[in-house]
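Please look over the structure below before reading on.

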Amino acid sequence: MIAELGLAILWMAAALAVLQLVAGALALRPQGAAMLGVVRPVAVMQGILVALAFAALITLFVTTDLSVKLVAENSHSAKPLIFKIAGTWGNHEGSMLLWVTIMSLAGGFVALVERRLPEKTLMATLAAQAFVSLGFYAFLLLASNPFARLPQPAPEGAGLNPLLQDIGLAFHPPTLYVGYVGLSIAFSFAVGALITRDVGPAFARAMRPWVLGAWIFLTIGITAGSYWAYYTLGWGGWWFWDPVENASLMPWLAATALLHSVSVLAARNALRAWTVMLGVIAFSMSMVGTFLVRSGILTSVHAFAVDPARGSFILALLAIYIGGALLLFALRASTVTEGARFAFVSREAALVFNNVMLCGILGIVLLGTLYPLLTEAFGVKVSVGPPYFNPVAAIFAFPMFVVMAVGPLLRWKDDRGGRIAPILAVPALVAIAAGGAAFVAGVRVLPALGLALGAGLAIASLLPLRGRNLRRTPLPIWGMVIAHLGIAVAALGMASESAFSTETLAALNPGETRQVGPYALTLDRIDPVAGPNWTALQATVSARYDGGDATVLLPQARVFANPPGTRTESALKTRWNGQLYVVLGEEGQDGRWQMRFWWKPFVPLIWLGGLLVGLGGLLALIGRVARDVKRLVAVDKIAFRRERQGR
Amino acid sequence: MKRARFISAATLALLLPLAPLAAQDSLPPAPYAYRQLPDPAQEAKAQALMETLRCLKCQSQSIADSDASMAGDMRNEVRTRIAAGEDPEAIRQWLIDRYGDYVSYTPQVKPLTWPLFAAPGVFLGFAALLLRGRFRRGKRANAALRKDKP
């Protein structure tokens, strides 16, 4: 009953999306004023209906209704409640429904609160948004119905992949989806502004919170995903340049570029065409990401061929949206002027430079991710991995760090390099000292450069605060400073991890001790333990830092029954100067236990940096939205007063 | 006594699911799969190479990051050969000859991968062109801005 209801509601929501598209398009005609009142309520209603459909699917998963195909294939009655709920989006159909839910809720929210844009531009925006979501409705309803029933209810569900039964991963996909969807809203704004030829500061201010919001969620999503991979995969790696990771990195890179250019557009009315173009690119990247992850093309072209309907569907959507947007851009580009001019040495110029560098990294990641698929078409399977991505991305990233240090100190429009050179002497000296020390210590080139630039940037990123009254510094400035500091901190963590990690692999009998870095580790004993739906072997390891008191670490090797699978549960001990990482492996032939120990100096800085970047974005968003709300309230008051005086 | 028996029965029940998994790897594991080379310099060399070789059984993990038994065998192979004094690139080539280009995370330079290596240069050139256009216009704007100033 609930499944049928959910499906019916989903069809109704899709019908409303059609209405939203048609009414929005009609409202653009000179005589279309009658349609203006229709679009907003329809957009809100559409959002509410999809949310209801998604709630229906969650209900099916919570009650483990095994007559529903999706539940039977992905859930299990003996799973903890939180993972039953998370299982709703831990599969193809559910995650697509989640995508369309977030998207329609966001569209409804835009319809409710957006007041800055000219009415026609907003109508065009909402129509574009309906157009995008229609593709996903079609995909859900025609190619991947989440509410399909089984002819016979299954006796028991197949369960959820043990790797996914982790609280971090339960909330990882929704976080990324919010980011992707935020970019789709930014895309709709860009299309709306192109249609009405209204690309200017008002459009930039309306679009900015969505870009910022999307970017915050992507930042947090990527950071959390990286930490999840770090502690569950059990080998101490934190970034693998895996296509799935790249699929989330590419929209982030585009969103970072877009975020900075939209700020230039809002503040200076410059970079109009560039901003619109980046809006299109950012959404394209989130679609490419969805395509890569959802089509199954990643494991191999052949896995894609097993179920070509889905992959082709997303590919067709990709072509329609991106092709259409690019066509519109080409048609309208001549009418969108670049806007206000600026000199070579100016804050705008620095932002443009870094935008181009970000696009360079984006291009490299995109090419490297897709290249194996290309060569597979020629019958050769190649791998493109860290040895390619790390140095090649660094070609673009390192100059970008330098300009990041300089840019925020420059004035808008026109400046002289000589003015800020004395201010930058300190960070420059720090960078040279750090790089020199690393070089002398025998650190390889890339990590040494990373340490130098990270240290210099960390100091330079604080310089915009000099001479300011810190209490009266606007939140967006704080946001920028903290986000840039976060990038420097993350870079330091990455460089330090790569330069200074030490590893010890050991086969130990209980009672034996091994050294890793500053830690002496003793395997005390091995015990069996049990959880709600797993059993495990648990090692008790005493860790002594520099001969100090013992800390107990409890790494586990877990075995899941439904579906069968294993997972290593690494044990971590975090100190201010690094992290100890302990993994329990298998029992050897001679009865000794395989243990893996790592000491990774300053590795937590990677994720601390990521969180700082997200926090910076959040502060900027709060500052911007607070100002918008203040302005809205003031405008309303004036309107109210005028109305009273008129009476 | 009774309690002890209960505990051992419970332990056995807990461990039972492990049995079929253990059976898969009934061959004695390769000696250097989970053991480091005694010489730190050699181990570092082996580690650097292992990080650039793909585990063929996993999704996107290097053999240095994998628990798959095949990755263990490959680690053993790499460490043994490094200890015998073989050149890392020769070992990579040997593995490529056996398993194909797919096994190496470092793409090999050959006609099929030229675009991959040309890309950074092409992108840099493109970026330079884009920025130069800006710069030229910027220079003119500069002159105009300076002229406007009193």
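Val541(A) has Leu553(A), in strand 5 of chain A, as its bridge partner. This is a predicted model, and every value in the text is computed from it. The bridge is part of the pairing between strand 4 (residues 534-545) and strand 5 (residues 550-553) of chain A, which run antiparallel and are joined by 4 bridges. How many residues lie between the two strands of this hairpin? Strand 4 of chain A and strand 5 of chain A have 4 residues between them. In that turn, Asp546(A) has a positive phi of about 50°.

Now step back to chain A as a whole. Chain A has 20 helices and 10 strands. Its C-alpha atoms fill a box of roughly 90 × 75 × 60 Å along the principal axes. Does this chain have the radius of gyration of a compact globule, or what else would one expect to see? A compact globule of 647 residues would have a radius near 26 Å, and chain A agrees with this because its own value is 27 Å. Of the 647 residues in chain A, 52% are buried. Among the contacts in chain A with a separation of 6 or more, 74% are between residues 24 or more positions apart.

The domain assignment of chain A gives domain 1, covering 1-165, and domain 2, covering 502-601. The C-alpha centres of these two domains of chain A lie 44 Å apart. The domains are also in contact, with 9 residues taken from domain 1 of chain A and 7 residues from domain 2 of chain A. On the side of domain 1 that touches domain 2, the residues divide into 5 nonpolar, 3 polar and 1 charged.

Which residues touch the most other members of the largest nonpolar core? They are Ala186(A), Val211(A), Ala254(A) and Ala255(A), in a core of 207 residues. Helix 9 of chain A (residues 201-232) supplies the largest share of this core, 17 residues. Leaving aside neighbours within four places in sequence, Ala186(A) is in contact with Met207(A), Trp210(A), Val211(A), Ala214(A), Leu258(A), Gly279(A), Ala282(A) and Phe283(A). A second, separate core has 30 residues, and these include Leu537(A), Ala557(A), Leu584(A) and Ala33(B).

That last residue leads to the other chain. Of the 150 residues in chain B, 23% are buried. Residues 24 or more positions apart make up 52% of the contacts in chain B with a separation of 6 or more.

Finally, consider where the two chains meet. The contact takes 43 residues from chain B and 47 residues from chain A. On the side of chain B that touches chain A, the elements giving two or more residues are helix 1 (2-15), helix 2 (18-24) and helix 6 (114-148) of chain B. Which of the elements of chain B gives the most to this side? Helix 6 of chain B does, with 15 residues. The residues on this side of chain B divide into 23 nonpolar, 12 polar and 8 charged.

Methods: Residues are numbered from 1 along each chain as its sequence is written. Chains are lettered from A and ligands numbered from 1 in the order in which they are written. This is a predicted model: local features need pLDDT of at least 70, side-chain atom pairs count only at pLDDT 80 or more; totals for chains, interfaces and linings use all residues. The radius of gyration is taken over C-alpha atoms; the globule rule is 2.2 Å times the number of residues to the power 0.38. A residue is buried if 20 or more other C-beta atoms lie within 10 Å of its own, exposed if 12 or fewer, and partly exposed in between; C-beta atoms are placed from the backbone. Two residues are in contact if their C-beta atoms, placed from the backbone, lie within 7 Å. Domain bounds come from an automatic or database domain assignment. Ala, Val, Leu, Ile, Met, Phe, Trp, Tyr, Cys and Pro count as nonpolar, Asp, Glu, Lys and Arg as charged, and the others, Gly among them, as polar. Two strands pair if DSSP finds at least two bridges between them. A nonpolar core is a set of buried Ala, Val, Leu, Ile, Met, Phe, Trp, Tyr and Cys residues joined through C-beta atoms within 7 Å.
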